[in-house]
Each structure stands twice: as structure tokens, then as C-alpha cells.
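This briefing goes through one protein chain by topic. Please keep the sequence and the 3D view open while reading.

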Amino acid sequence: MEILIQAVLLVIGFVMLVKGADFFVEGAAGIAGKFGIPQLVIGLTIVAMGTSAPEAAVSITAALGGSADLTVGNVMGSNIMNILVILGITAVIVSVAIQKSTLQIELPFMIGISVLMVILGYTGEVITRTEGVILGSFFCIYMAYLLYMAKKGKEEVQEEHKEKPIWLLVVATIGGAALIVVGSDFVVDAASAIATVFGMSKSFIGLTIVAFGTSLPELVTSITAARKGKADIAIGNIVGSNIFNILFVTGITAMITPVEYVLKSFFVDGFVMIGAGVLLLLGVLRTRMLKRPVGVLMLLCYTGYFAYLMTNL
């Protein structure tokens, strides 16, 4: 009976995610058009942070509850899934154009801070409060860069303004984000409860089920954005989410309490996270397009990674 209830909650959560993403993308894109803000910046900020809210909530709540060790698995698992699964699926459905700034700045920055997170974890097997402050400082630098991008791109954007009033676009964005967060919470709780019944380990749940559940907002938002022809929001959402996960989620969690980094558990995961970023960069380097063959390769890589996780439960 308990599993049946959790399964129903799982379905309700998925429905909320899909509808929320639809409202969220339309609202965010409309606001970008109204104010002449580049859609890439909207994707890297409002959309990325909105869809990363579940990761932040899960990790910070875990830290306050004395389970900060879930943070690393949650962040790494989500970042791996964001690139290999979410961008992989998105690319299989529709080719995604990559902006020049994303190729030259945001992607290398994402890879760089992934390396930094792994290094901080390997030194002492814990991410300390001081190291949390370092990650938080990089987040402030990143936000300053995005502010510069918004000001620089404002006059260059010539997008048709929607007929919808700004208040309605704001309501759609906030309402969509709320549906995404609540829906994701339903999915994570229900999936974790079902997994626990079957005796799955905490680290496995963090790296797979919780990571997938908290990455669902990015999945539905990216696919919805790409299919609506808003590729900048789709790619900005993933890159921005990964950066946000490492710098803000891990940084804030470590400031609350030192985050345990178990080498035995996260040795492979750290390098897979970095490798996923490098694969994405190499896949779009020549054409500045994320196309179906690269998407298929990403999904195959995740299949291999998931098989590894299954054999090391």
C-alpha cells in the first residue's frame, strides 16, 4: 500500500514538473524580450537557479539535519546527469545552438570549478568552511560576470516583445518555478521512499534517484525550451545549473558544516563529472552545435556510468 501511494505521488510530481516547465520557460523568455535581456543570460541566471532550487533545498536541508555527506553525491550526480542525460536527450530531440561566449567562457569555467571541487575534496577528504567561502567567492565573481553580460547585451537584443503584460509573465515564471520545485520534491521523496524499501544504499540514492529527481526540472525545462526554439535558455539552463550547484549549493552547505568527501565513494564520480564537461566542450567545439550523434554518445556514456554504479552498490 505504501509503495502504491508513493507511485501516485511520483506521477503527480511528474505532471507538475511538465506543466511548471512550460509556464516557466514562456514567462522567462517573455521577460527577457520585454527588457531586452539576452536569453542566454536569463538561462544562466533565473532559469538555472530556479531549476537548481531542488538541489539547493536537498543539500542545505541535509546539512542542517546532519547529513552533509549527501551534498557531494547530490551535486556530482546532478551535474553528471545534467550533461550526459539531459543535454543528451535534448540533443537527440533537437539540435541545440551554442553561443560563442558559452563556448569560450561559461563551459571552460564550469569545467574549471568542477576540477576545483574535486581537488578541494581530495585534500583532507572534506570540504571545509574556508573552502566553502572560496566557492562562494567564485559564485560572486560569476554573478558579476553575468551582470556585465546583461548590460553588454541589452542594446544588441532585438526580440519581439510579447503582447502579454509583464505582471502575467512574472506570475507565469514564479508559478512555473513553484510547480517545478514542489513537483520535484514529490518525485524525490517518493522515489527515495521506494528505493529505501528495496534496500538501496544512501550514496546510490544520492547519485542516481535523488540526482535524477532534482535534475528533472532541468530536463523538462531544457527540452521545453529547445522545442520552442529557445536554445539559449536550454543550454544556459544546464551550464548555469552546474555552476550554481558547485559554487552555491556546495559552498553554502560547506559554510553551514564541513562536507564529507569520501574518496572511495566519489573517486570515479569526480572524474566522470569533469569528463562530462570536457565531452560537451569537445562535442560542440567545431560546429557550435550540440547535435544528435553527440547526444547519443552522451547517453551511452551515462549508461556505462550507471552500469558501474549498479555493480558497486
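Two rings of Phe, Tyr or Trp (for Trp, its six-membered ring) form a pair if their centres lie within 6.5 Å; planes under 30 degrees apart count as stacked, over 60 as edge-to-face and the rest as tilted. Ring pairs of this kind link Phe-139, Phe-244 and Phe-248 into a cluster. The model is predicted: local features need pLDDT of at least 70, side-chain atom pairs count only at pLDDT 80 or more, and totals for chains, interfaces and linings use all residues. Residues are numbered from 1 along each chain as its sequence is written, and side-chain values use heavy atoms, with hydrogens and water left out.

**Overall make-up**

- The protein chain has 11 helices and four strands; these are DSSP runs numbered from the N terminus, helices being H or I with at least four residues and strands E with at least two.
- Of its 313 residues, 52% count as buried, where buried means under 20% relative accessible area, exposed over 50% and partly exposed in between (1.4 Å probe, protein chains only).
- A contact means heavy atoms within 4.5 Å. Among contacts in the protein chain with a separation of 6 or more, 87% are between residues 24 or more positions apart.

**Aromatic pairs**

- By the ring rule, the count comes to seven aromatic pairs.
- Phe-139 and Phe-248 have ring centres 5.4 Å apart and planes at 50°, so this pair is tilted.
- The pair links distant parts of the chain, with Phe-139 in helix α6 (residues 129–153) and Phe-248 in helix α9 (residues 231–256), 109 residues apart.
- Phe-139 is buried because its relative accessibility is 12%, whereas Phe-248 is partly exposed at 24%.

**Nonpolar core**

- A nonpolar core is a set of buried Ala, Val, Leu, Ile, Met, Phe, Trp, Tyr and Cys residues joined through side-chain atoms within 4.5 Å.
- The largest such core has 80 residues, and Leu-290 and Met-298 have the most contacts inside it.
- Helix α9 gives the most to this core, with 12 residues.
- In soluble globular proteins, nonpolar side chains tend to be buried together.
- Leaving aside neighbours within four places in sequence, Met-298 is in contact with Ile-83, Leu-84, Leu-87, Gly-88, Leu-279, Leu-280 and Leu-290.

**Packing of α5 and α9**

- Two packed helices are described by the angle between their axes and the distance between the axes.
- Helix α5 (residues 100–122) packs with α9 at an angle of about 30°, and their axes are 10 Å apart. Axes here are lines fitted to C-alpha atoms, for helices over the stretch in contact, and angles run from 0 to 180 degrees between N-to-C directions.
- That angle makes α5 roughly parallel to α9, as angles under 35 degrees count as roughly parallel, over 145 as roughly antiparallel, 65 to 115 as roughly perpendicular and the rest as oblique.
- The crossing of α5 and α9 is left-handed, that is, the near helix is turned anticlockwise from the far one by less than a right angle; clockwise would be right-handed.
- On the α5 side, the residues that meet α9 are Thr-102, Glu-106, Leu-107, Phe-109, Met-110, Ile-113, Ser-114 and Met-117.
- On the α9 side, the partners are Ile-235, Val-239, Asn-242, Ile-243, Ile-246, Leu-247 and Thr-250.

**Individual residues**

- Thr-90 is in helix α4 (residues 69–93) and is buried, with 1% relative accessibility. Apart from neighbours within four places in sequence, Thr-90 is in contact with Val-96, Ser-222, Ile-223 and Ala-226.
- Arg-288 sits in the loop between α10 and β4 (289–290) and is partly exposed, at 37%. Its phi is near 55°, a positive value in a residue other than glycine.

**Residues far apart in sequence**

- Gln-104 belongs to helix α5 and is exposed, at 52% relative accessible area.
- Lys-151 belongs to helix α6 and is exposed at 64%. Its C-alpha atom is separated by 8.0 Å from that of Ile-37, 114 residues apart along the chain.
- Phe-266 lies in helix α10 and is buried at 5%. Phe-266 and Tyr-122 are 144 residues apart in sequence and 9.4 Å apart in space, C-alpha to C-alpha.
- Phe-267 is also placed in helix α10 (residues 263–284), but is partly exposed at 47%. From Phe-267 to Gly-121 the C-alpha distance is 9.7 Å, and the two are 146 residues apart in sequence.
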